[in-house]
Amino acid sequence: MAFWSLMLCFPLGAVLCQGSTEFPLIPDLHLQPNTVESELIVLTPWIPQSPGLSRVKRDWIIPPIRVLENSKQVPEDLVQIKSDKIFTSQVFYRLEGPGVDQEPKNLFDIDEKTGIIRSKHPLDREKHKSFKLKAFALSPSGQRLENPTTIEIMVLDQNDNRPSFIKNQFTGSVSEFSVPGTSVMSVLATDADDPSTDNAILSYSIIGQESEPGDAVTKVMFGINNETGAIYTRDVGFDREVVKSFRLKLQVGDMSGMGLTSESVAIIRVTDINNHAPQFRPSMYHVSAVENRKDYELCRVNATDRDEPGTGNWEIKYTLTRGNPGGHFVVHTDPDSNQGVLTVVKPLDFESQSEYTLVLTVANRNPLSSKAPNVPVSSATVVVTVVNENEAPRFREDPIQILVPESVVPGTILKTNLAYDPDQTGLRYDIIRDPERWLEINKVTGEIIARRPFNIRSTYLRNGVYNAVVRATDAEGMTTSATLLITLKETNDYPPQLVPLSGTVCHHSHNPDSALLLTALDEDLAPHAEPFTFELPDQMALNWTIVPVNKTHARLHSLVELELGQYAVTVQVMDAGSPALGSFSQINVTVCACDSFSQCRSETAAMSGSSVGISFIALIIVMTAIALLLLLLLLAVAINGCTSRRHLQKDSALLVGESQEDVRDNVFNYDEQGGGEEDENAYNLDLLSPIEAPHIPVPSFCVGPRGKQPLRKDTPHNLPSPTYPRRPPADPTDIEDYINDGLEAADRDPNVPPYDTALIYDYEGEGSLAGSLSSIASGCSDGDQDYDYLNDWGPRFKKLANMYDPR
């Protein structure tokens, strides 16, 4: 078994004694003096030699090797290690660890043959307190002969560092009138030496005191705890008005103040407490103020405070305590001068009050200290004299709000008592802005009157409000204007109108889309418009019904199976106004056969799809004959209508129709049509069915626009009609005068349609200068006309449209 032996080198005998106290930590270890060198001690293990006992392997427990820092004896032998392998073979020693081959490098090395460990450079405990190294015993081939052993080297401290304050200058404060023992501040210093030794035990002291201003205080005012560095007051006499601050010179020393020292400075400021109440200087003021002005500075009042300027103890708060019931005045503090600024914030009125006596008091922003003297609150009096001046008229409100229903009657008084004159000289009124000229004003009383009916749809309204401007002028020419805001209230003035007035309903269909969708138009606005209510008269409710769709639409359905054809259905529609208004309208409903898309099919397709049977060909022949008859009748009426129009245009006596609806109701029956083309058989309209007769189409180039019967707008309704010429002329040549007389009577008749509808004559004369109808060549020729509109008149006229289709 292999063993290590260790030789320790102790340069000082005191270290040997100290080191020997560590040896009891090593089991079975004896100290034997080395006979080679007196300064080296060889450590060898003690091995029992009793017979019969085997040798037991024991490892060295080597105590730390202590080395003083900053040693100047370098290189210095520290310790020698040996392996018991030296008795059997050659041994080489090697050392590894921090200070050798690791940072910091090259501080230690080992003699590879003797095993002596040396320090190569002075050590610094403040950088490295200790080193742990590993020693190896190797064969010449580099093989380890034994396990490595650990060697710890501890660096012993020397007092080589001065204590140092953490700041070059410390600052603190102490309140004035502080009592002795009041804590002020603490200072702190550090020492880089070993804190477990006296080298780092610090002691604080005050070695100087100065006051500002100089020599204001000569006695020692502060003390310091020599261990903690806490500074405290030692005496009374801290008055900021006497001394502003102190400058203390501080010292700290290590080894309890007996070693190295350093110095610093502490600046201690004496802080202010609110021990002085503000005082007015002077306490009486007289000022003048002009009436009818506001937001201007009236005067400034002065108060002083002996506390520190710029602090809450110095800042003064001014208060108006009496004489300001109307709130005409306010006072605030000028932050720079600490003066009180008195301001007029509401216009003064000389006629109401000509003088004000104001009382002001002062106080600090911060409350007074308990150490302040007990004095009464300072106050000042300000007498304000109001100066009279001529005042402009004043409106009682601006803007002037008026709520008016849109249906207000002209002449209604809308507003009175608009303005007054403070000087009571009398006023005159006028309106300087009224873009719609809806208003007028009584120039003396100022009453605003509705001049014309209001229109809520005027472009000058914004969100239902009409803007006007009224002006008042006093006897001396002073004027004032005010805005007039008239809010128009919507009223229910117009009944809703049903649309459309014609449409189709599918025969034998239960699809909702096949019903006629109805709605209404209302010129009123909400809430006097939708939701609409659609109703049928009792006589109509037997065959028809109306089903609401939403607030504005409804569907017209048939309750029974109706024959194909046209029906007139009366519908009433009501709005939601208060009171509600309604109107009755007649709808021309065409019941037709529809395809799968709920669209009316053509007449031929409808008939072919119906169960007509063998009578289909006969029905076609009848319809063709009717169509030819209608064509001949239309051509005759067209010729007569065009001739009448040209004659009327010459006489400038035209009556213009205004309807845009269907014109098929404009055909009138003749008692006798005369002998055009020598035909003695007049066209008998009675041959047509009652349903078809009112809907005979008249070409649009000879009659008014499509729609209901046009009404005359140029004469009052329901007046008695003039006498028409009823006696046929004896001489056929007088037929032209006869017709002109009848036309003139019709022009004066307020109860007849306009000029572009056919009139009934008892006699039209004998013979005809016109040729055959088939040879008519005029501005009404077929080639110049477009008959596509016939397709819109229902299935009964599609055949006629096909006959005139140029394609």
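Tutor: We begin with a definition: a disulfide is a pair of cysteine sulfur atoms within 2.5 Å. The model is predicted, so that local features need pLDDT of at least 70 and side-chain atom pairs count only at pLDDT 80 or more, while totals for chains, interfaces and linings use all residues. Residues are numbered from 1 along each chain as its sequence is written, and side-chain values use heavy atoms, with hydrogens and water left out.

Student: Why is the link of Cys506 and Cys594 called a disulfide?

Tutor: The sulfur atoms of Cys506 and Cys594 are 1.9 Å apart; the limit is 2.5 Å, so the pair qualifies. The structure holds 1 disulfide. The angle about the S-S bond is -95 degrees, and the link is left-handed.

Student: What makes this pair tie together separate parts of the sequence?

Tutor: Cys506 lies in strand β40 (residues 502–506), whereas Cys594 lies in the loop between β46 (582–592) and α2 (603–609), so the parts joined are 88 residues apart in sequence. Helices (H or I, at least four residues) and strands (E, at least two) are DSSP runs, numbered from the N terminus.

Student: How do you know that Cys299 counts as buried?

Tutor: Buried means under 20% relative accessible area, exposed means over 50%, and partly exposed lies in between (1.4 Å probe, protein chains only). Cys299 has 11% relative accessibility, and therefore counts as buried. Cys506 and Cys594 are buried too.

Student: Why is the aromatic pair of Phe165 and Tyr204 called tilted?

Tutor: Rings of Phe, Tyr and Trp (its six-membered ring) pair if their centres lie within 6.5 Å; planes under 30 degrees apart count as stacked, over 60 as edge-to-face and the rest as tilted. Phe165 and Tyr204 are 6.1 Å apart centre to centre, with 50 degrees between the planes, and the pair is tilted. Phe165 lies in strand β11 (residues 164–165) and Tyr204 in strand β15 (residues 203–212), so this pair ties together parts that are 39 residues apart in sequence. Phe165 is buried at a relative accessible area of 8%, and Tyr204 is buried at 6%.

Student: What makes the pair of Trp544 and Tyr567 edge-to-face?

Tutor: The planes of Trp544 and Tyr567 are 65 degrees apart, with 6.3 Å centre to centre; an angle over 60 degrees counts as edge-to-face, so the name follows. Trp544 is buried, with a relative accessible area of 4%, whereas Tyr567 is partly exposed at 24%. By this rule the count comes to 11 aromatic pairs.

Student: How do you know that the charged end of Arg293 sits over the ring of Tyr296?

Tutor: A charge sits over a ring if NZ of Lys or CZ of Arg is within 6 Å of the ring centre and within 35 degrees of the ring normal. The charged end of Arg293 is 4.6 Å from the centre of the Tyr296 ring and sits over that ring.

Student: Why are β31 and β34 said to stand at the edges?

Tutor: Two strands pair if DSSP finds at least two bridges between them. The open sheet has 3 strands in the order β31-β35-β34, with antiparallel pairing. β31 (413–415) and β34 (439–441) each have a single partner strand, so one side of each is left without a neighbour in the sheet. β34 and strand β35 (residues 448–450) pair over 3 bridges, and Leu439 stands opposite Ala450 in β35.
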